[in-house]
Amino acid sequence: MSLVNFTSFDFEQLFAMSDDTNPLMMLIWILPIFFFVFYGQRIQLYVTSGEIKKGIKKLDEFRNESRDELISYVNKNLKPADDPIPKIDRFIDYFTIMPVEMDPNGIVDKVQHIVRSREDYTREHVRSLSPQMSDIELSKAQTLLEIASSLQMIYKIINHMYLTAKKQNNYPLILPLQMILPFIMEQSEAMKEAISVFKKGQPVGDGIGPMIVGKMMLEREKETIAFQTTLVKSEFEGRKLFLVKAEGPGSTVGRPADGLEKIVSENKIDAIIMIDAALKMEGEDSATVARGFGAAIGGIGTEKFQIEAIATSKNIPVFSIVVKQSVKEAITLMTKEIADTADSVREQVNEMIRENTTQGHSIVIIGVGNTGGVPQ
C-alpha cells in the first residue's frame with residue numbers, strides 16, 4: 001500500500017490555476033465562496049430557526065395543555081360557583097419582581113418575604129374559586145397553577161428571544177437560544193408530564209425524603225411545628241429524635257427552616273440530618289444514594305440560608321443523604337427504583353446517628369421535598 005504524500009500537492013492543478021484554466025470552472029469555485037461570505041450567517045439563521053420554531057411550537061402546546069388541565073381540574077373537582085377561566089388566566093400571568101441586589105445586606109429576608117407573599121396571595125385566590133375546598137385539593141390546585149404559570153413564562157421568554165433575533169437577522173443572538181433549548185425542552189416536558197401525577201395526588205421522585213421520614217413517623221403522635229410542617233418526637237438507641245417533614249399528603253414542601261428554628265430555640269440539638277432528592281450527573285445511575293455534609297435542600301435558597309444560619313449560630317453539624325435522579329424523575333411519578341431506596345436510606349440514617357452522636361444526644365432529621373401523595 002502506498003502512503004499519500006501530503007507534501008507533493010499540485011495546488012495549481014487542484015484549484016485549476018494553470019494557463020489553460022477554464023473561466024467557467026473558476027466561477028464555479030469562486031462564486032460559492034463569495035456567496036457564503038455575504039450570506040453564510042443568514043443561511044445558518046434560517047437553518048437554526050427551523051429547529052427553534054419546532055421547540056417553540058411544542059412549548060406553546062405545553063402551556064395550552066397545562067392551562068386546559070388546570071381548568072378541567074377546577075371545574076371537575078372544586079365545583080366553582082362562577083366561571084373560573086377569567087380568574088385562572090389572570091393568575092397564570094402573575095409575575096414576581098425580585099428585590100434589588102445593589103445592596104445585598106438583608107437580601108435573603110427580602111426574597112423570602114416576596115416569595116411567601118406570593119404563595120399566600122396565590123393560595124387565598126385559588127381558595128376563592130371554591131371556598132369549601134379541602135386543604136389537600138387547594139394544594140393540588142396551587143401546584144397545577146404554578147406549573148401552568150411556569151410553562152407560560154418559559155414560552156414567552158423563549159419566543160421573545162427568537163423573535164428578537166429573527167427581527168434583527170442576528171445569528172449570534174440566536175446561538176445561546178439554540179444551546180439552552182434542549183435543557184429548556186427537557187424541563188418543560190417533565191413539567192407537562194407532572195400535571196397528571198399531581199392531579200391524582202401521587203408521589204413524585206422529589207418526595208423520597210418526606211417518604212422516608214414519613215415512614216419513621218407512622219403510628220406516633222404528630223404536631224404542627226410550622227406552616228404545613230409536621231413534627232414527631234421519637235427515640236433511637238438512647239438518642240432523642242425530632243422528625244420533621246412537610247404535612248402530607250397535600251402537595252407542599254412545608255417550611256422546614258421555620259420548624260428547625262423553633263426546635264432549636266427550645267432544645268439543645270447535637271446534629272441535623274437532611275434527606276433529599278438530588279439531580280444526578282450524566283453517567284450516574286438513578287436511585288443511587290450518596291452521603292455528605294451541608295444542608296441538602298433546593299428551591300430559591302432562602303430555606304437553605306436559614307438552616308445554615310441556625311446551624312452556624314448553634315455550632316450544629318449538618319449531615320445529608322441524597323437519592324440521585326434526573327430532572328424528569330424528580331417531578332414525575334416516583335419510580336420503583338427510587339421508592340426501593342427507602343429502607344436502605346433509613347438504615348444509613350441509623351448508621352449516621354451511631355457514628356456521629358452518643359447516647360443522650362438530640363438529632364433533628366428533616367425529610368426535604370414535595371410531600372404530595374406521601375402521608376405520615
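Biologist: Are α2 and α3 parallel, perpendicular or oblique to each other?

Modeller: This is a predicted model, in which local features need pLDDT of at least 70, side-chain atom pairs count only at pLDDT 80 or more, and totals for chains, interfaces and linings use all residues. Residues are numbered from 1 along each chain as its sequence is written, and side-chain values use heavy atoms, with hydrogens and water left out. Helix α2 (residues 23–78) and helix α3 (residues 85–92) pack at an angle of about 135 degrees, their axes being 11 Å apart; axes are lines fitted to C-alpha atoms, for helices over the stretch in contact, and angles run from 0 to 180 degrees between N-to-C directions. Angles under 35 degrees count as roughly parallel, over 145 as roughly antiparallel, 65 to 115 as roughly perpendicular and the rest as oblique, and α2 and α3 are therefore oblique.

Biologist: In β7, what is the bridge partner of I273?

Modeller: Helices (H or I, at least four residues) and strands (E, at least two) are DSSP runs, numbered from the N terminus, and two strands pair if DSSP finds at least two bridges between them. Strand β4 (residues 271–279) runs parallel to strand β7 (residues 362–367), joined by five bridges. A271 stands opposite I363 in β7, and the partner of I273 is I365.

Biologist: How many residues of β7 are buried?

Modeller: Buried means under 20% relative accessible area, exposed over 50%, and partly exposed in between, with a 1.4 Å probe and protein chains only. S362, V364 and I366 point one way from β7, while I363, I365 and G367 point the other way. The number buried in β7 is six of its six residues.

Biologist: Is R255 buried or exposed?

Modeller: R255 lies in the loop between β3 (239–246) and α8 (256–266). Leaving aside neighbours within four places in sequence, R255 is in contact with R116, E119, D120, A226, F227, T229 and E303. With a relative accessible area of 12%, R255 is buried.

Biologist: Is the peptide bond from G248 to P249 cis or trans?

Modeller: Most residues other than glycine have a negative phi, and most peptide bonds are trans. P249 is found in the loop between β3 and α8. With omega near 5 degrees, the bond from G248 to P249 is cis.

Biologist: A287 and N315 each have a positive phi; what are their relative accessible areas?

Modeller: A287, in the loop between β4 and β5 (289–293), has a phi of about 70 degrees. N315, in the loop between α9 (302–314) and β6, has a phi of about 55 degrees. A287 is buried at 15%, whereas N315 is exposed at 68%.

Notes:
Contact = heavy atoms within 4.5 Å.
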